[in-house]
Each structure stands twice: as C-alpha cells, then as structure tokens.
Amino acid sequence: MTTVRTTCPYCGVGCGVKAQLLPGDGAPEDRIAITGDPDHPANLGRLCSKGSALAETIWLQDRLLAPKVNGVDTSWDSALQLVADRFNAVIDEHGPDAVAFYVSGQFLTEDYYVANKLMKGFIGSGNIDTNSRLCMASSVAGHKRAFGTDTVPGLYTDLEEADLVVLVGSNLAWCHPVLYQRLVAAKTARPDLKVVTVDPRRTATADIADLHLGLTPGSDVALFNGLLVHLHEQGAVDTGFVLDHVSGFDEAVTAAYGDDLSVTGLAPAELEAFFRLWAGTRKVVTLYSQGVNQSSSGADKVNAILNCHLATGRIGHPGTGPFSVTGQPNAMGGREVGGLANMLACHLDIEDPAHRDAVRTFWDAPGLTETAGLKAVDMFRAVADGSIKAIWIAHTNPVVTLPEADAVKAALQACDFVVVSDITARADTARLADVLLPASAWGEKDGTVTNSERCISRQRAFLPAPGDTRPDWAMMAEVGRRMGHARAFDFASPAEIFREYAALSGIAGRFGRDFDISALAGITDTEYADLQPVRWPVTGVRTGGRFFGDGAFFTPDGKGRMLALQNRLPAAMPDADFPFVLNTGRIRDQWHTMTRTAKSPRLSAHLAEPFLEIHPADAGNLGLKPADLAQVDSPHGRAILRVRITDSVQPGQVFAPMHWTGENASAARIDAVVAAVTDPVSGQPETKAAVARVTKFQAQSFAFALSVAEPAPDAPYWARARARGGWRTELAWATPPADWTETARALFGLPDTAQPITVSDPARGIHRLAFFEGQKLVAALFAGPEPVAVSRQYLAGQLDGAADLGLLSGQPGADRPDPGAIVCSCFEVGVNTIRSAIAEQGLVTVEAIGAALRAGTNCGSCRPEIRALIEANAPNQMAAE
Ligand code: SF4
C-alpha cells in the first residue's frame with residue numbers, strides 16, 4: 001500500500017492529505033483512500049467534508065484528455081504551435097498588450113512562475129491576472145498600504161492563543177472549515193476565549209459567537225473607525241508602539257472621529273459591547289475574508305482593521321494580529337509569485353525601476369514589462385472592446401464567476417482567439433475555446449502551494465497522468481519556447497522551476513522584501529520531492545515565524561502606516577426598481593464552479609439545488625412560499641433559484657451561492673446578476689452587495705426526476721445533481737407539457753418504445769412515471785402543479801440497486817424512515833433522522849446526536865447545522881442546557 005503526502009486542492013487553509021493507493025485490480029482512481037495528514041501543521045489530521053470526499057471527485061468521467069482545436073482532437077504539437085503562432089501574430093500586429101493570460105489560484109506556484117515569466121518577462125505585458133483578484137486582492141492592497149508588502153503577519157496558532165477572535169465577513173465554518181474546527185476546539189478547551197462574528201448574515205459560523213454583529217452591508221469601515229475612536233478615548237492605544245513604529249496615527253484618528261457610526265445599523269449596546277471587549281482584550285485576532293475583500297471599498301475595510309491593530313501594537317505576537325484568510329489553495333502562492341497584474345514576482349513592485357532592473361537582469365528579459373497590466377474585470381472589458389485579441393484562460397471559469405458574467409460570455413464569443421487549459425471541457429468557459437488544452441488534475445501533478453499562514457507545502461502526484469494531459473507549467477513553457485524564448489523556458493521539472501524562483505526571491509530579500517525563500521534555491525530534486533511544510537521566509541538566518549512584532553515594517557520609513565479613512569457604502573444602493581441587496585458566497589460542500597465537487601453524490605446531497613435565501617417578511621410580501629422559485633433580476637442578468645426562507649438574512653437582503661453554472665442549472669449563474677463594480681485600489685469586484693429585484697417565478701408545473709443516465713432538460717427552470725447510481729433533477733415549466741410520457745422520454749433520452757409505469761391524477765395535475773428494466777429503475781418523474789413534495793433522499797437511493805416497486809408514492813414505506821436532506825455528508829445522516837433523535841430520544845446536545853448517529857463526529861462541518869436543528873426542535877431543552 002503506497003501512501004503519498006500531499007495537500008488539499010480546495011480552500012486556503014491548505015490541509016495536508018494522505019492519499020493511499022489500496023491494493024486491488026480496479027482503476028487507481030477507484031482504489032484511493034484519503035485521510036488527513038496528522039503531521040501537517042495546518043490541519044493536524046483533520047479534514048472537512050470536501051477534503052474527506054476527495055477520492056469521489058478524481059474519476060475520469062468528463063475529463064478532457066486530448067488537445068482540441070475547434071472541437072476536434074489534435075496533437076500537442078499542432079495545438080501548442082497554433083497557440084504560439086497566434087499569440088506571436090497578435091503581438092506583432094497589435095503589440096504585447098493585445099494578449100492576456102487569466103489564470104487561477106488552482107495553479108501550483110511553479111505553474112504561476114512560468115506563466116508570469118512568459119507574460120511579464122518575455123511577451124512584455126503586465127496582462128496576467130488571476131481569479132484570486134476576485135478573492136483577496138483587497139487584502140493585498142491593504143497589506144501593501146499598511147505594511148509596505150503583502151504580508152500576513154500571523155499564524156493559525158494565533159487563533160488558538162487569542163482571548164478574543166473577531167471574524168469579519170467570514171463564514172469560516174463553511175469556507176475554511178478546518179480552521180473553524182480548530183477555533184471550536186480552542187474555545188471548548190478554554191471557554192473564556194470570546195468569539196465575535198461581524199456579518200450582515202447570521203451564518204453557521206455564528207454558532208460559536210458570544211456576540212454577533214449583523215451590520216449593514218458596506219459599513220465595516222465605519223465600525224472599525226468607531227472602534228479606533230473608542231480605543232483612543234479609553235486610553236487603549238499603545239502610544240510607545242505608535243510613536244516608534246507607526247505613521248499616520250493622528251490623521252487616521254481624526255478621520256475616524258469624522259465618520260458616521262450610525263450607518264452600521266447596529267444598536268448602541270451592541271457597539272459598546274464589541275468596543276469594550278476589543279479594547280479590554282490584549283490578545284485579539286481579527287480574521288477577515290471575502291465579506292471584507294469583495295467590496296468597492298474592500299481595501300479601505302482592510303486598512304480600517306489594520307489601523308486598530310497598529311494603534312494598539314496588537315500585531316506579530318502570539319494570539320494577536322489581523323488575519324486575512326484566502327479562498328483558494330494557492331491564492332497566497334499566486335500573490336508571492338506575481339500572479340496579479342500589478343506585481344512582479346517575489347513581492348517586487350512593477351512601479352519600482354530598481355526592482356524591474358533586477359528581475360530583467362535575473363531573467364535576461366530585456367523586454368520585461370514597464371507597467372502593470374489589466375486587472376480581471378478590466379481585462380475582460382478589453383476583450384469585449386477588442387483591444388485584447390487573444391487570451392489564455394487557465395483553470396478558471398470567468399463566464400460563471402466574473403460579475404456581469406453574460407457580458408464576459410459575449411466578450412469571449414467575439415474574441416479572435418481563446419485558449420482554455422482545464423481538466424474538463426464541460427465548463428461554461430471551456431465551451432467557448434478555440435483551443436482546449438487538457439491539464440493535469442489534482443493527484444496527477446507536482447508542485448508547491450502556499451496557504452493562508454505562509455506555509456509552503458508540496459502537492460504530489462499519486463495518480464498516473466490520464467490520456468494526453470500535461471501539467472500547466474509544461475504547456476506554458478513549451479509555448480514560451482515556441483514563441484522564441486527557448487533558453488528562458490528550458491525547464492525540465494517543477495523542482496527546476498522552484499529553484500529558480502527561490503533564487504529570485506533572494507534578490508527580493510536583498511531589496512528588503514519580506515518574501516525570501518532563497519535558502520531553498522539549492523535544494524536537490526530529492527530534497528524537493530521530500531520538502532516538508534515550511535512557512536516563509538526561509539533564509540540563511542530565519543525560517544517562518546511572525547512578522548511585525550518587532551515594529552519593523554517594509555515601508556520606506558520602516559513604520560506601519562495607518563490610513564485616514566471614511567466609510568463608503570456600496571456603489572449601488574437599493575431603490576424602487578431593485579430593492580434588495582444581493583449577497584453571494586460559498587456553501588459548505590461545493591467548491592467554486594463545481595467541476596470536481598459536483599462529481600460526489602455525497603457532497604451534492606447537502607444542498608442539491610441553487611437557492612435564494614430571503615427573510616420571512618420579504619417572502620411574505622412577495623407571496624413566496626418555501627420551495628417556490630424566485631426570479632432574481634438586475635440590469636445585467638437574471639437567475640432563477642429555489643426559495644429558502646430564513647431569518648439568517650436580514651429584511652431587504654438576499655443571499656445566493658456562487659457555485660452553480662450553465663452545466664448544472666438553467667439560470668443560476670448568480671454573477672450574471674452582479675454589477676461589475678470594483679474597488680478603485682484593489683480592482684476587486686463588489687460581489688457581496690449588488691442590487692436586485694426578486695419576483696416569484698410563475699411556474700404551473702414542477703417536477704422532480706431521477707435517472708441513471710444524465711438527463712437532457714428542456715425547461716425554463718432545471719437543476720441537476722449527481723445521485724448514487726445516476727442523477728436527480730428539479731424542473732419547472734411556465735405551462736404544463738402536453739404529453740408527460742413524451743416529455744419524460746425526451747428528458748431521459750429514452751426511445752419511443754420505452755413504456756413507463758404511471759400514476760396520474762389529471763384533474764389535480766399530478767403525473768408520476770417510472771421506467772424500469774427488470775427490477776432496475778432507469779428513470780422516474782414526479783410532476784405536479786406545486787413544488788413536488790416527495791422524499792428526495794429516499795428516491796435518490798432508488799437508483800443504486802434494486803428499486804422499490806412502490807416508489808411512485810414518493811415516500812418510503814413505514815418500515816423505512818425517510819432520512820430527509822443530508823446534513824452530515826461524512827455519514828450521510830439526514831435532517832429527518834436528526835429531528836427524530838431529538839424528538840424521540842430527547843437528544844439535545846451536538847455530542848449526544850454524534851454519539852447516537854455519528855453525525856458531526858468526523859469532519860465536524862455539519863455541527864452548526866445540528867445545533868440549529870436542536871435549537872429549532874428542542875427549544876426548551878436548549879434553554880435549560
Ligand atoms: Fe480542504 Fe477542507 Fe482543509 Fe479547506 S478546510 S483545505 S477544503 S480539507
């Protein structure tokens with residue numbers, strides 16, 4: 001049994017993973033066991049639901065296995081020559097800024113290094129940007145303004161050592177679950193550790209909050225300005241630290257006094273409680289994430305937080321500091337290696353002539369760009385207006401994830417030359433490619449990633465490369481060679497790239513930059529293969545540790561900079577036409593645009609359909625009932641989503657997940673609705689506070705369908721997800737289909753000869769059909785004039801083995817309880833099972849539920865949902881607990 005230690009490819013926690021190839025005769029992807037690596041400092045053996053299900057996402061169905069030009073398989077030689085020739089032709093005719101790379105936090109650092117070197121060094125344009133722009137560019141900008149560099153000061157252990165952890169704009173429980181579990185464990189062991197959540201939504205993360213502040217969207221600067229004033233008035237400022245190590249204090253405090261705290265919408269008592277707690281606790285960590293970054297004032301929000309830590313000297317010591325957590329596994333690596341259009345490699349600055357000269361000399365790249373390139377939103381605007389004529393998009397899906405996504409789609413449709421490298425052709429963006437390049441996936445490629453605490457870890461291959469797939473660094477380097485830069489891109493392995501990168505970082509270190517891993521520049525191939533997780537910097541005199549505890553910053557005067565800030569509300573405010581603030585974000589069990597996590601029936605069972613969370617009062621005003629469909633409109637696009645009525649969102653606000661694509665739903669690309677408004681400093685789009693109109697989607701027929709084969713829905717609304725042994729699909733029509741049997745055959749791809757078993761009540765508009773082959777269910781459709789009330793989890797289980805002949809009742813027999821929608825993905829425990837345990841067994845703690853059902857006892861990601869079920873179903877017991 002072979003065990004390979006690697007790193008999870010999803011979020012920025014960067015958990016260590018052990019992949020074991022189990023003995024047997026099946027394909028390797030069927031014999032992989034995934035466990036958490038107990039020796040990795042990020043997770044110490046833990047994994048969340050997504051990490052635990054990694055083995056279910058690596059099978060080869062839907063993989064892109066050969067290069068394609070205009071949809072036709074071709075050789076690597078012809079595909080890459082075409083890419084090199086077309087890029088060279090555009091550059092010759094229109095200049096280097098007429099081409100662009102849009103890459104991804106899924107890139108390994110070595111992939112990033114080669115792409116950045118090719119674009120900035122040898123094509124001579126700054127036009128390489130990464131989808132990390134959508135995730136944490138505001139943190140980069142905030143760090144650079146305050147610290148002089150993009151430096152995360154602290155370590156994950158600071159969350160455990162703090163006496164107060166403030167989580168701002170972060171649903172840590174769902175988006176960084178293992179870090180959340182570490183915080184939960186710390187609070188359980190030390191109940192005096194206080195947790196405050198600051199978020200317009202009351203998310204699962206608030207489960208452990210001593211105080212939740214549901215502030216008005218876009219009022220974070222006002223909140224932290226208010227805190228700064230309070231610190232000033234209460235004598236909580238560290239005047240010695242400020243005098244010696246901070247600039248801009250007086251201006252920042254004066255500006256803070258001029259801000260209007262009332263825009264937060266918080267009650268004076270809430271503000272007072274928060275301010276007193278923060279001011280009175282020396283060991284404070286303020287952790288923030290996309291709720292801060294994804295804003296038209298994201299950089300200011302970051303600096304408002306940093307101001308408070310600089311004013312109090314609460315930075316760089318155990319249990320203290322601001323802490324940006326990144327969304328992607330290698331967002332940090334991309335920041336370090338120059339993946340953003342406005343950075344050179346190794347945190348060197350494009351604007352600095354000395355930095356440019358050093359990189360130019362190191363790379364022997366006389367044509368190195370002199371200027372920053374276009375950031376993501378502007379890059380696609382340049383594609384739309386024709387000034388960018390050739391673009392290479394790698395491992396990302398901008399037709400789904402960029403704001404005004406319909407405009408992005410139109411821009412790519414009209415673009416002269418679109419190259420997409422990805423692991424699948426079944427992605428909205430990949431469908432628009434002239435050239436499709438098959439990339440290696442997680443488990444097949446080698447390199448390094450950096451997590452949110454600056455820890456560099458190896459991703460290691462443990463599966464053979466399928467088909468003609470190649471790692472990204474290899475295809476980028478080959479194009480570089482074919483574009484005429486043979487020597488610069490003569491890389492033979494990721495280890496070779498890493499050594500060059502580490503050597504370049506030594507130059508950055510000599511400029512006094514933070515990012516210096518030059519002690520790794522001489523590692524051998526074997527040492528690279530065995531590289532253990534290590535936090536940067538890694539120099540001859542220092543490895544890892546915290547930054548700024550000594551008061552030494554990377555600004556020209558060596559001081560941390562406080563900024564004078566005023567709150568700016570979101571760029572668009574609700575009005576009579578678009579009365580709702582639309583917030584977008586992640587859910588627990590899906591990753592980005594679902595190209596991998598949607599392969600797991602287990603992960604899909606948690607939330608199988610795109611949805612809109614809306615407050616009960618708003619739902620009532622709009623005539624929306626639970627499970628209705630809502631139409632969400634803005635001037636830019638439309639989405640149709642299932643209604644979830646909840647008071648976790650405030651009146652006037654709605655929330656929708658960002659994962660669903662044109663591949664798995666008819667109209668759920670929520671970023672089509674979001675306006676392309678960006679932060680003026682960071683270029684990060686405002687995807688947490690768009691405006692929208694919500695109306696009821698007027699459907700006269702609804703259906704739930706099951707099928708072994710992938711369905712081909714043709715309805716105004718549909719959403720499909722994997723189930724064990726097949727698919728589950730939701731559908732709705734504005735007018736009922738005339739012939740349900742024909743509709744079902746077309747949906748399921750069945751011949752006219754396929755005869756269903758039917759149960760119909762035409763007078764009530766109810767039609768249920770099932771197609772069998774012997775005892776085996778092939779497909780079934782449950783249709784009616786209202787959202788269909790059947791036991792989906794029970795029915796989804798009917799595809800995997802012999803089916804119940806009575807399944808058209810839509811419910812299991814009395815001898816088989818209906819588990820309900822899955823809450824615990826690890827042990828597939830449903831909501832009804834948990835409710836029954838609460839009601840019938842009197843279980844009123846998460847631990848008791850875990851002991852009885854195992855729910856919540858593996859990764860722990862579902863524990864907040866279990867607690868919410870207990871609170872909803874056993875309020876008296878909880879109150880007494
Ligand atoms: Fe992967 Fe989950 Fe760890 Fe994030 S928290 S790195 S998704 S296992």
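This is a predicted model: local features need pLDDT of at least 70, side-chain atom pairs count only at pLDDT 80 or more; totals for chains, interfaces and linings use all residues.
Local features need pLDDT of at least 70, side-chain atom pairs count only at pLDDT 80 or more, and totals for chains, interfaces and linings use all residues. Numbering starts from 1 along each chain as its sequence is written, and side-chain values use heavy atoms, with hydrogens and water left out.

**Helix pairs**

Helices (H or I, at least four residues) and strands (E, at least two) are DSSP runs, numbered from the N terminus. Axes are lines fitted to C-alpha atoms, for helices over the stretch in contact; angles run from 0 to 180 degrees between N-to-C directions.

| Helix pair | Axes come within | Crossing angle |
|---|---|---|
| H8 (residues 220–233) and H11 (residues 268–279) | 10 Å | roughly 60 degrees |
| H27 (residues 846–853) and H28 (residues 863–873) | 9 Å | roughly 105 degrees |

H8 and H11 are therefore oblique to each other. H27 and H28 are roughly perpendicular. The classes are: under 35 degrees roughly parallel, over 145 roughly antiparallel, 65 to 115 roughly perpendicular, the rest oblique.

Contact means heavy atoms within 4.5 Å. On the H8 side, Leu223, Phe224, Gly226, Leu227, His230 and Leu231 meet residues of H11 that include Phe274, Phe275 and Trp278. By class, this contact of H8 with H11 has nine nonpolar, two polar and two charged residues. Ala, Val, Leu, Ile, Met, Phe, Trp, Tyr, Cys and Pro count as nonpolar; Asp, Glu, Lys and Arg as charged; the others, Gly among them, as polar.

In the other pair, Val846, Glu847 and Ile849 of H27 touch Arg863, Ile866, Arg867 and Ile870 of H28. That contact of H27 with H28 divides into four nonpolar, no polar and three charged residues.

**Backbone features**

Most residues other than glycine have a negative phi, and most peptide bonds are trans. The bond from Trp536 to Pro537 is cis, with omega near 5 degrees. Pro537 sits in the loop between strand E19 (534–535) and strand E20 (560–561).

Ala627 has a positive phi, near 75 degrees. Its loop runs between helix H23 (616–622) and strand E23 (629–633). At 28% relative accessibility, Ala627 is partly exposed. Buried means under 20% relative accessible area, exposed over 50%, partly exposed in between (1.4 Å probe, protein chains only).

Glu828 also has a positive phi, of about 50 degrees. Glu828 lies in the loop between strand E33 (822–824) and strand E34 (829–830). Its relative accessible area is 34%, so Glu828 is partly exposed.
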